[in-house]
Amino acid sequence: MSPKRPPLYALASGIAAGAVSSVVTAAYAATLGRTHFVVKQETLPLLPAGSDPIRILHLSDFHMTPENKELQHFLSLLGDIHPDLVIDTGDNLAHPKAVPHVVQSLGTLLDVPGFFVFGSNDYFAPDFKNPLSYLRGESTLRKRPPLPWQGMRAAFHERGWKDATHQRHAINIRGVNIMVSGVDDPHIDRDRYETIAGRPLPGTNVAIGLTHAPEPRVLLRFSEDGYDLALAGHTHGGQVCLPNGKSIVTNCGIDRKRAHGLHRFAHLWLNVSAGLGTSPYAPFRLFCPPEVTLLELTARQ
């Protein structure tokens with residue numbers, strides 16, 4: 001006996017419910033999902049015994065546009081955290097007139113010691129991509145108009161932040177010697193690790209490596225050279241995740257389990273920020289809130 005077909009009204013009700021659910025999900029992803037900013041806190045025991053804690057604020061992936069007032073307001077509040085060090089791992093821009101909005105929004109954070117590296121979207125304007133294309137693999141750089149990254153770099157320098165791109169810097173915070181080094185964005189093959197290769201500077205207590213995209217080839221070099229911590233962004237945490245927050249794609253060589261958050265990678269710690277923004281052509285987030293990370297380094301036991 002063949003099963004009865006559902007009445008027409010039942011089919012129509014099912015289709016309607018599915019359509020409503022899709023609309024509600026899309027509306028959430030494009031509104032609250034995109035603007036529900038969070039400060040994620042982590043603790044790492046990396047400092048010499050007896051050291052006072054050091055707080056590092058890790059920022060990434062603003063993808064700033066002049067009209068993104070919610071993001072600008074959130075950034076302007078972060079100075080109240082009073083970190084000891086600020087790290088910016090790139091993709092600050094998404095519009096040729098966004099530099100003043102980035103600088104003004106960062107506000108007093110630019111008075112705190114800071115280091116930065118840039119990502120591809122600091123150098124080149126965003127363009128439309130089919131979101132489903134990320135399921136086929138990493139995005140590729142197509143010919144795009146340039147963005148005024150030089151002006152942003154100059155503004156950061158003027159306020160005291162230092163460019164860690166292919167450079168090794170030393171800073172002392174509360175008696176702890178910290179070395180910070182970085183590479184240009186490996187997602188577009190601008191990394192030249194050989195310019196910073198080698199063991200940390202003599203006397204270094206904590207060595208931190210910066211890269212926009214958490215490409216394993218760069219992270220392994222940091223690990224082999226004896227770095228303690230690497231900071232990256234780029235992935236947006238997957239941007240559209242499963243309900244448990246698990247990433248579907250990473251848009252780089254890192255595995256999905258490490259698409260955001262604090263993890264071990266080889267012999268170092270790795271923090272991948274889910275970032276604060278999105279491409280203006282894909283302004284949504286689902287089960288992956290925009291974030292900054294406050295890393296508190298404490299004394300080793």
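**Exercise 1.** Which residues of helix H6 (residues 149–159) are buried, and what covers them?

*Solution.* This is a predicted model, in which local features need pLDDT of at least 70 and side-chain atom pairs count only at pLDDT 80 or more, while totals for chains, interfaces and linings use all residues. Residues are numbered from 1 along each chain as its sequence is written, and side-chain values use heavy atoms, with hydrogens and water left out.

Begin with the terms: helices (H or I, at least four residues) and strands (E, at least two) are DSSP runs numbered from the N terminus, and buried means under 20% relative accessible area, exposed over 50%, and partly exposed in between, with a 1.4 Å probe and protein chains only. In H6 the buried residues are Met152, Ala155 and Phe156. Because they cover an arc of only 100° around the axis, they lie on the same side of H6; the arc is that of the directions from the helix axis to the C-beta atoms.

Next, look for contacts (heavy atoms within 4.5 Å): the cover of these buried residues includes strand S3 (85–88), helix H4 (99–106), strand S4 (114–116) and helix H5 (120–123).

**Exercise 2.** Determine how strand S11 (residues 268–272) is paired.

*Solution.* Two strands pair if DSSP finds at least two bridges between them. Strand S9 (residues 229–232) runs parallel to S11 and is joined to S11 by four bridges, with Leu231 opposite Asn271. Strand S10 (residues 261–265) pairs with S11 in the antiparallel sense over five bridges, and here Gly261 stands opposite Val272.

Finally, in the hairpin of S10 and S11, which has two residues between the strands, Ala266 takes a positive phi near 55°.
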